[in-house]
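Thanks for asking me to look this one over. Here are my notes, in numbered points, to read with the structure open beside you.

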Amino acid sequence: MIEMTGNMKAMIALVLVSALVSGGIAVSDSSDADEGFTVTDSTGKTFTYSAASEHIIVTGYAATLTIIESGMAEKIYAVDQYGAVAFDDKGLERPANVWTTTYNDTSALKSNIVHAGDNGFDIATDTVILTTYKTDFVGSDGNSGLRAELMKEGFRYVPFYGSIVDYNAIVSCVRDIENITGSTSNLTASMMSAYDEVTAAVASEEKKDAIFLRYSSSKGWGIGVSGSIAVALLEAAGGNNIGSSAGKDTVYNQMKIVELLSDHPDALIFIDSPYFDTYGGTFDKFIDEVMGGDQGNHGIVKMLKTWNNYDPAAADGLKAVAHVMHPDAVDGTLEAYYADKGDGDSSVMLYVGIGAAAIIAAVGVLLFIRSRN
């Protein structure tokens with residue numbers, strides 16, 4: 001046996017400390033199970049829990065869907081009209097409390113939430129999950145708006161999820177929701193597995209030019225620049241977001257879109273689902289109204305709402321987007337739309353065109369025969 005000197009002991013201790021600090025040695029910490037947990041929302045605000053909440057008030061489709069998929073739907077005390085749709089999509093009965101909220105007005109929502117505190121919702125231990133891209137809920141400083149008003153009323157847990165800057169932030173949101181509800185479903189495991197699979201597959205691939213667009217009935221077409229889940233998916237899937245040069249947040253500028261597409265002639269175009277599902281848009285309509293009827297070499301893809309959201313299906317979106325951009329590296333079934341390949345809309349137009357041509361030809365023949373007679 002070798003007898004260690006004081007210097008040798010000090011050296012070994014130093015090596016062990018260095019390994020711990022650098023992460024070279026994994027240390028198991030069971031304090032979360034014994035002493036609660038913390039969640040940090042998208043504004044950077046941290047909430048410390050001693051235990052999972054028994055009741056949840058949640059706004060937004062995706063956060064509600066995540067709670068349902070985590071197996072904790074029974075803990076939902078109330079949802080807004082968007083969250084109620086998640087119950088419909090899953091074939092479940094809506095909760096007793098469905099509150100209709102106006103996008104630009106939080107006063108009615110505040111009234112309903114405060115009233116809940118008098119009807120079985122424990123403002124000291126239960127959670128209000130707020131989700132939106134508007135800052136009405138948290139103010140421009142992240143510490144005011146509806147959340148500050150609720151916390152002044154005594155509500156202790158009011159995390160907010162707004163702008164998402166990367167895929168890992170989507171995973172963090174889902175993990176937070178699982179912790180808040182006490183779910184053990186571990187939805188984030190498959191999300192991270194998808195991320196590892198995709199990023200490894202596209203690591204050696206040349207980045208593919210891509211752009212994410214959303215449509216507003218009041219503002220027209222906007223470019224997803226940053227703070228968008230869809231943009232986070234594009235970048236994680238090996239895409240070069242050509243919209244990043246347009247500025248910050250969403251830029252509503254159709255002329256800028258045309259300019260970017262002209263400068264990047266092979267860029268894929270990813271369009272937010274409301275354009276199709278809410279506003280009656282089609283691929284052909286987009287090509288006519290935005291691209292002047294000439295699609296060029298730009299493939300067009302519809303982003304499903306479950307992909308572009310704070311829910312586990314974002315992992316499916318990541319794989320689908322990666323496959324469209326790098327089909328040889330990532331398996332998948334989604335294909336970009338090209339007018340010359342045809343779809344439902346184009347086929348109808350094609351058949352109408354053929355029919356019209358046949359009629360014109362028939363009329364021509366008839367006139368020719370009459371002229372001969």
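**Notes on the helices and sheets**

1. Let me begin at the end of a helix: α3 is followed by Gly71, which has a positive phi, near 85°. Please keep in mind that this is a predicted model.

2. Helix α3 itself is mostly covered, with eight of its nine residues buried. These are Tyr61, Ala62, Ala63, Thr64, Leu65, Thr66, Ile67 and Ile68. What do the buried residues of α3 pack against? Their partners are the strands β3, β4 and β6 together with the helices α4 (81-89), α7 and α8.

3. Those strands belong to an open sheet of five, ordered β5-β4-β3-β6-β7, with parallel pairing. At the edges sit β5 (97-99) and β7 (160-161), each of which pairs on one side only. Strand β4 (residues 76-80) is joined to β5 by three bridges in the parallel sense.

4. How do α7 and α8 cross, and how close do their axes come? The axes of α7 and helix α8 (residues 187-202) come within 9 Å, crossing at roughly 170°. Since angles over 145 degrees count as roughly antiparallel, α7 is roughly antiparallel to α8.

5. From α7 come Tyr167, Asn168, Ile170, Val171, Val174, Arg175 and Glu178, and they meet Leu187, Thr188, Met191, Met192, Ala194 and Tyr195 of α8. By class, the residues of this contact divide into nine nonpolar, two polar and two charged.

6. Leaving aside neighbours within four places in sequence, Thr127 is in contact with Tyr49, Ser53, His55, Ile56, Ile57, Phe121, Tyr157, Pro159 and Ile180.

7. Tyr49 leads us to strand β2 (residues 46-49), which has a covered face made of Phe47 and Tyr49 and an uncovered one made of Thr46 and Thr48. Strand β1 (residues 37-40) runs antiparallel to β2, and four bridges join the two. Within that pairing, Val39 has Phe47 of β2 as its bridge partner. β1 and β2 form a hairpin with five residues between them, and Gly44 in the turn has a positive phi of about 90°.

8. Finally, a geometry check on helix α13 (residues 314-325). At 1.5 Å a residue, its twelve residues should span 16 Å, and the end C-alpha atoms are 16 Å apart, so the two values agree. α13 is mostly covered, since ten of its twelve residues fall under the 20% limit for buried. The buried residues are Ala314, Ala315, Gly317, Leu318, Ala320, Val321, Ala322, His323, Val324 and Met325.

Key: Residues numbered from 1 in each chain as written. Predicted model: local features only at pLDDT ≥ 70, side-chain atom pairs only at ≥ 80, totals over all residues. Heavy atoms only, no water. Pairing = 2+ DSSP bridges. Axes fitted to C-alpha atoms, helices over the stretch in contact; angles between N-to-C directions. Parallel < 35°, antiparallel > 145°, perpendicular 65-115°, else oblique. Contact = heavy atoms within 4.5 Å. Nonpolar A, V, L, I, M, F, W, Y, C, P; charged D, E, K, R; others polar. Expected span 1.5 Å × (residues − 1). Buried < 20%, exposed > 50% of the residue type's maximum accessible area, 1.4 Å probe, protein only.
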